[in-house]
Amino acid sequence: MKPWLYIHQQIFSRQFSANSLPHAILINGATGSGKLEFAQWLIYLLSCQQPENINNNQENNDQESILQGCGHCKSCLLLNSKTYPDHLNLIADKNSIGVDDIRQANGFLQKTAHLGKFKTVLIEHAQTMTQAAANALLKTLEEPSANSVIILLTNDIEMLLPTIVSRCRVLNIRPNIGQALLQSISGECLKLESSTELNNRFINITQLPELTDITINEAFKNFKECYINLLSGQHVESQLLQQLLNNEHGLRWLEQITVNLLREQFITANEFSNMLALDAELLNNLYKVIINGCKVIKSYTQANKQFVCEQLIMSISDLIEQTKINGQES
Ligand SMILES: [Zn+2]
C-alpha cells in the first residue's frame with residue numbers, strides 16, 4: 001500500500017469498526033495515486049468474514065489500527081478468484097459507462113447479500129458515465145439500499161455531475177511530492193541521471209509515466225527542449241504542435257513545465273542563475289492560456305484537439321513575441 005494511503009486506511013478502519021461507513025465513496029486522485037489499490041483494500045475489508053488488524057505485531061502502539069481482509073476465508077478466496085457474489089465491478093466498456101451498466105448495478109444492490117454483510121459495487125473511471133447513466137446512479141445514491149457500499153473512482157472529479165459528487169463522501173488522494181514521492185516509488189522508477197530534466201523538487205504523481213517508462217521519458221525530454229527553444233525565441237511552433245498532437249501527455253507537460261519555470265522564478269531564483277532568464281509576467285500569461293486550452297479540451301469531449309492546440313501554440317507564440325517587443329521598447 002502506498003504510504004500516503006495509510007491515514008485514509010486508519011480513518012476507514014475506525015469507521016468500519018464503528019459501523020459508520022458512508023454508502024457512497026468517491027475516490028479522486030491522479031493515475032498512479034493508488035485509488036484502485038485503496039478500493040480493493042476496502043472491498044476485502046467489507047467482505048471478509050474475519051478481518052484482521054495489521055498493526056497487531058508492531059511495537060508502536062500509538063499508531064491507530066488498520067484492518068484488512070484476512071485473505072483466506074471463503075469470501076476473501078472468492079474475491080481472489082473474482083467470483084464473490086456480493087461484489088460487482090463495473091468497468092467502462094467502449095470508453096464509457098452506460099445506463100444499462102448502472103441499472104445492472106442498481107438491480108444487484110437491491111438483492112440481499114448472499115454471503116457477507118455488505119454488497120459492494122466498484123465503478124472505475126466514473127467520469128466516463130454517460131448523462132443517462134449518471135442520472136440512474138443518482139437515484140440509487142438518493143435512496144441507498146441497506147448495507148450497500150458504492151465506490152466510485154475518478155482521476156477527474158470536475159467531469160462528474162455535482163449532484164453525484166455531493167451525495168458521496170469524497171476521498172481526495174494526495175500523494176507525496178518531491179523527494180518523498182521518489183523514495184516511496186523508488187522500486188518502479190527509472191534510474192534517472194542526477195541532472196534529470198524532471199525537476200525533482202516539485203515532482204508529483206502525475207509524472208509517473210515519464211518516471212517509469214523510458215520511451216515516455218525520452219519524449220518528455222524532447223518536448224521540454226522544444227518548448228524551451230520556443231521560449232528562447234526560436235521559431236519551432238510547428239514542431240511543438242506536432243509533439244502536442246502526437247503525445248497524450250503533451251498538454252500536461254506544457255502545463256507542468258510552465259508551472260515549474262514559474263516556481264523556479266519565485267522560489268529558487270538564485271540557484272538557477274544559469275537558467276534562461278524568463279519574464280515572470282510572460283510565464284504567468286502563458287500559464288493562463290495553457291490552463292484555458294486544457295479546460296476547453298476537457299470540457300468538450302468532441303473538441304477538435306488539433307484546432308485547440310493550434311490556437312494554443314499561436315497564443316503562446318504571440319505572448320513571446322509581445323514580450324520581446326516590450327523588452328526592446330523599455
Ligand atoms: Zn477474509
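These legends walk through several close-up views of one predicted model.

Local features need pLDDT of at least 70 and side-chain atom pairs count only at pLDDT 80 or more, while totals for chains, interfaces and linings use all residues. Residues are numbered from 1 along each chain as its sequence is written.

**View 1. The whole chain, to get your bearings.** The protein chain holds 13 helices and seven strands; these are DSSP runs numbered from the N terminus, with helices being H or I of at least four residues and strands being E of at least two. Its C-alpha atoms fill a box of roughly 75 × 50 × 30 Å along the principal axes. Of the 330 residues, 29% are buried (20 or more other C-beta atoms within 10 Å of a residue's own, with C-beta atoms placed from the backbone).

**View 2. An open sheet of five strands.** The order is E4-E5-E6-E1-E7, and the pairing is parallel (two strands pair if DSSP finds at least two bridges between them). E4 and E7 (169–172) are the edge strands, each pairing on one side only. From one strand to the next, the twist averages 15°. Strand E1 (residues 24–28) is joined to E6 by five bridges, and here Ile25 has Ile151 of E6 as its bridge partner.

View 3. All five residues of E5 (residues 119–123) are buried. Lys119, Val121 and Ile123 point one way, and Thr120 and Leu122 the other. In a regular strand, side chains alternate between the two faces of the sheet. Four bridges link E5 to the parallel strand E4 (residues 87–90), with Leu88 partnered by Val121 of E5. Five bridges link E5 to E6 (residues 148–154), also running parallel, and Thr120 has Val149 of E6 as its bridge partner. Between E5 and E6 the chain passes through helix H5 (residues 131–142), a right-handed β-α-β crossover (with the strands pointing away from the viewer, the path from the first strand over the helix to the second runs clockwise).

**View 4. Helices H12 and H13 side by side.** The axes of H12 (residues 280–299) and H13 (residues 305–329) come within 10 Å and cross at roughly 170° (lines fitted to C-alpha atoms over the stretch in contact, with angles from 0 to 180 degrees between N-to-C directions). The two helices are therefore roughly antiparallel (over 145 degrees). Among the residues that meet are Leu282, Leu286 and Val289 in H12 and Val308, Leu312 and Ile316 in H13 (contact means C-beta atoms, placed from the backbone, within 7 Å). The contact comprises 11 nonpolar, four polar and one charged residue (Ala, Val, Leu, Ile, Met, Phe, Trp, Tyr, Cys and Pro count as nonpolar, Asp, Glu, Lys and Arg as charged, and the others, Gly among them, as polar).

How values were computed: A residue is buried if 20 or more other C-beta atoms lie within 10 Å of its own, exposed if 12 or fewer, and partly exposed in between; C-beta atoms are placed from the backbone. Angles under 35 degrees count as roughly parallel, over 145 as roughly antiparallel, 65 to 115 as roughly perpendicular and the rest as oblique. Two residues are in contact if their C-beta atoms, placed from the backbone, lie within 7 Å.
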